Amino acid sequence: MVVAIPQTEFKPFLVSAPGKLILFGEHAVVYGKTAIAGSVSMRAYALVTPRSDSKVRLVLPDISVDVQFDTSKLPQLNPSELSHPCEVENHVGCASVPEGPGRMAVLTFVYLFGCLLAQKPTKGFTVCVRSLLPVGAGLGSSASFNVVLAAALLQLSGQLYKDGKSTADRQLINEWAFAGEQVAHGTPSGIDNSVATYGGFLAYTRGQKPQNLNSSNALRVLITNTNVPKSTKALLAGVRSLRDKHPQVIDGVLDTIHSVAISAISLFESQGEDVEEKLQDIIRLNHGMLSTLGVSHLSLERIREITAAHHMASKLTGAGGGGCALTLVPSNASDETVEDVKRMLAHEGFQCYQTTVGGAGVAISHCVGAQPIEEWVRSMLDRQLSLAPSTKSEDAGYGGVVSAFSILPDTAIAKLAP
Ligand code: PMV
């Protein structure tokens, strides 16, 4: 049993966690096959600052949420007394939770606060979360939000002993982030929060503990958002109905996708010269099978066409039907070639992010000394971004994150410069 040491006084701290990319095995994973996912260097950031009163404030500028609660008005929750975390809805009582896109995020906050902090003497604080991840694009923006929130509240409750760096700390963060995912999504698989917590590459099979892959190589990729809205639910239903009609055929396809994921595991763990070429092969094969399942889209095929003309392999990532595609950037691709591809993709109206897969998981940094908040946040963002080995990329465009953090109340800023 963990004995919590409530932190009544604390210095501001910043938590960050990466998004995720499914590299291989989407859809098949739903039928018990293995999927491989990796962390992307685009991250979510939570800045936590103390307040002089007893209020807690949650600010999510990206989705226009700014709510404030008196700590005594928030429910005390015992997770073992709820049959599912989403039951938090029945316990919010008079606490005002807004309708709209931010509702789930606020409910998750209320749930985690109710479980982790409500029973302890807690001073007021403000949590401001910003994210560089596009929402609803299958890049795990919700999981990285839940990981930073869980880590922030666990840190405040005194339950993290090594600033989120030890195995025990990470396990705890992952468990609570999963509960947050359950508030938002009902029955998530758990792959997204595991990647956002541990970083690197994971092999995931339903009902089994995620397996960390021993890969020292971060992959250079392009993630292209088609901006075509997709419904994961409808796409899953489509695959299910095809399988109901042709069980033998579709089970064969799902088994082959599983074989692709298993090949990927050995490729990630090997150092051979032909690894990159083989990875390109299985990317193409996996996309072909997903297309057979009916989850590709004209926009995704266009991305494949453009990148193939530059000797790059692409596949859809996530549910498909639009959403995002991933493209492996070969190590011998010149900067000009990559820029060419990005320009052509942008010309089609797609949004293209150049990033790396396989960087660090959750990270916590504390403010020391009396630096002005903007300066400190900027230096921390630099340091936390460098945890996720980033090639020269659009990742540097985090000016918006810094300015959003600066909307924090004067009292919080004053505390930084005594
Ligand atoms: O695009 P996303 O993040 O909703 O990806 C869903 C991935 C699936 O394998 C299709 C479904 C799942 O729950 O694993």
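## Cavity, pocket and ligand

By class, the lining of the largest cavity consists of eight nonpolar residues, with no polar and no charged ones. Here Ala, Val, Leu, Ile, Met, Phe, Trp, Tyr, Cys and Pro count as nonpolar, Asp, Glu, Lys and Arg as charged, and the others, Gly among them, as polar. The model is predicted: local features need pLDDT of at least 70, side-chain atom pairs count only at pLDDT 80 or more, and totals for chains, interfaces and linings use all residues. Residues are numbered from 1 along each chain as its sequence is written, and side-chain values use heavy atoms, with hydrogens and water left out.

A cavity is a set of points, on a 1 Å grid over the protein atoms alone, where a 1.4 Å probe fits but cannot get out; a pocket is an open set with protein on both sides within 12 Å along at least five of seven lines; lining residues have an atom within 4 Å of a point. Grid points are joined across faces, edges and corners, and a volume is the space filled by probe spheres set on the points.

There is one cavity of 30 Å³ or more. The largest cavity has a volume of about 50 Å³, and its lining is made of Leu23, Phe24, Leu219, Phe268, Leu279, Ile283, Leu326 and Leu328.

The largest pocket holds about 1,400 Å³ of space. It is lined by 46 residues, of which Gly140, Ser142, Glu181, His185 and Asp192 are the closest to its centre. By class, this lining has 23 nonpolar, 15 polar and eight charged residues. Helix 2 gives the most to the lining, with five residues; helices (H or I, at least four residues) and strands (E, at least two) are DSSP runs, numbered from the N terminus.

The ligand takes up the space of the largest pocket, where a molecule sits in a pocket if more than half of its atoms lie within 2 Å of its grid points.

The table gives polar contacts, pairs of N or O atoms within 3.5 Å.

| Protein N or O atom | Distance to a ligand oxygen atom |
|---|---|
| Lys20, side chain | 3.4 Å |
| Lys230, side chain | 2.6 Å |
| Ala319, backbone | 2.9 Å |

The protein covers 80% of the 380 Å² of accessible area that the ligand has on its own, by the Shrake-Rupley method with a 1.4 Å probe.

How values were computed:
Polar contact = N/O pair within 3.5 Å; in protein donor to acceptor, adjacent residues only side chain to side chain.
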